[in-house]
Amino acid sequence: MTTDFNATKAMFDLPAGLIYLDGNSLGPLPKAAAARVARTVSEEWGGLLIRGWNKAGWMDAPARIGDRIAGLIGAEPGSVVMGDTLSIKVYQALASALEMTPKRRVILSDTGNFPSDLYMAEGLCRTLGQGYALKTVAPEDVADAIDDTVAVTMLTEVDYRTGRRHDMAALTALAHARGAVTVWDLAHSAGAFPVHLAAAKADFAIGCTYKYLNSGPGGPAFIYVAPRHHERTRPALSGWLGHEAPFAFDLDYRPGTGIERMRVGTPPILQLAALDAALDIWQGVDLDDLRAVSLALQDRFIAAVEAACPMLRLATPRGHASRGSQVSFRHVEGYAIMQALIAEGVIGDFRAPDILRFGFTPLYIGEAEVDRAAAILARIMASGSWDRPEYKTRTKVT
Ligand SMILES: *Cc1c(COP(=O)(O)O)cnc(C)c1O
């Protein structure tokens, strides 16, 4: 192991005494991000004003930072660009993918997918009309459901609730063999374990950066298009910054070169500055080390919780290849149990109807945190301290 996870832990600004197991939903603040954003605000925005677009490299930031993300997801240089939010990027990738398979009408997804992805697909089908439809099957039935009606498979590699992981390489090969194009959502993959987009021959991929990549709330999404498709990909959201020459101000749209065409409008420079600083953390990190430690931490947590809390049922697959970087347990009172845990300084989250989620990110979580979190959970379950009215009132964000 070459990665020094004590060094990466020191790069985060985490409140003392808190055990943060929710980096799968919102990564914590990298110390360097606060300083970088402050500098971007005062020196670049404040000092350079509009000159920042050229002098501070704002205009090139989406592709430059996209290349940094590419290095973390096994993508070719020049194949990833930043911008918008993940939901928007889902729409964009899907629309482009559908145009590549014009004779087919079905978008295939699974019932474990994140609702926003499904909603975006539904909305796109309604806009397109002409018989386009979204079909969802159980995650384990996806392979069998890829038939010759399927235009695009739209799959999130890791299930946000259970942590179950699809086999990206195998499903991509199967989709291609059956004439379909693939869209992979890497929301719970990028920064969670090694991803090999190019090796898997994925067509399109998208993901967010505020989860395992720690860009902060509202951080921009990314989109990947395989280089072999660049010149025939028509961007459905044809904004001026995806134009071949935005500052020619032509009246007609012409797609930009390569991945640049997937840009839409003005990039979020302050959020990109936070992301850029957050990505520095990965410089000394070997993703295989990250994966090995993540799995060891997950196994340690599962063993401790199963030994002490028989009333909690593991929702995450046990096989290492079949899971991402989170562990989930089921309990009908999951919401109240999670509130009790949070009150004791262990932050995970709850997903309806009954899932307690815990994200494991070796960048700042070690064995000591895992042991303490499991012990606190065991105490809450044994004492029944979760069973109080104040833990049962649902807040807007769970
Ligand atoms: C987190 C997440 C989203 C959120 O999309 P936003 O547009 O960033 O709010 C979408 N899809 C998946 C699979 C996610 O995990």
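1. Ala205 stands opposite Tyr224 in β8. The two strands concerned are β7 (residues 204-207) and β8 (residues 222-225). Four bridges join them, and they run antiparallel. Strands here are DSSP E runs of at least two residues, helices are H or I runs of at least four, and both are numbered from the N terminus. Two strands count as paired if DSSP finds at least two bridges between them.

2. A word on provenance. This is a predicted model: local features need pLDDT of at least 70, side-chain atom pairs count only at pLDDT 80 or more, and totals for chains, interfaces and linings use all residues. Residues are numbered from 1 along each chain as its sequence is written, and side-chain values use heavy atoms, with hydrogens and water left out.

3. β7 also pairs with β6 (residues 181-185). Three bridges join these two, and they run parallel. Val183 stands opposite Phe204 in β7. Which residues cover the two faces of β7? Phe204 and Ile206 lie on one side, Ala205 and Gly207 on the other, and all are buried. Buried means under 20% relative accessible area, exposed over 50%, and partly exposed in between (1.4 Å probe, protein chains only). In a regular strand, side chains alternate between the two faces of the sheet.

4. A second sheet to check is open and four-stranded, in the order β9-β10-β13-β12. Its pairing is antiparallel. β9 (313-314) and β12 (349-351) stand at the edges with a single partner strand each, so one side of each has no neighbour in the sheet. β9 pairs with β10 (residues 326-330) over two bridges. Leu314 stands opposite Phe329 in β10.

5. Phe329 also belongs to a ring cluster, linked by ring pairs with Phe301, Phe358 and Phe360. The structure holds 10 aromatic pairs. The rings are those of Phe, Tyr and Trp (its six-membered ring), with centres within 6.5 Å; planes under 30 degrees apart count as stacked, over 60 as edge-to-face and the rest as tilted.

6. Two charges sit over rings. Arg165 lies over the face of Phe193, at 3.9 Å from the ring centre. Lys211 lies over Phe114, at 5.6 Å. The test is NZ of Lys or CZ of Arg within 6 Å of the ring centre and within 35 degrees of the ring normal.

7. Helix α2 (residues 31-48) has buried residues Ala33, Arg36 and Thr40. α2 bends by about 30° at Thr40; the bend is the angle between axes fitted to the seven residues ending there and the seven starting there. Leu49 follows α2, with a positive phi near 55°.
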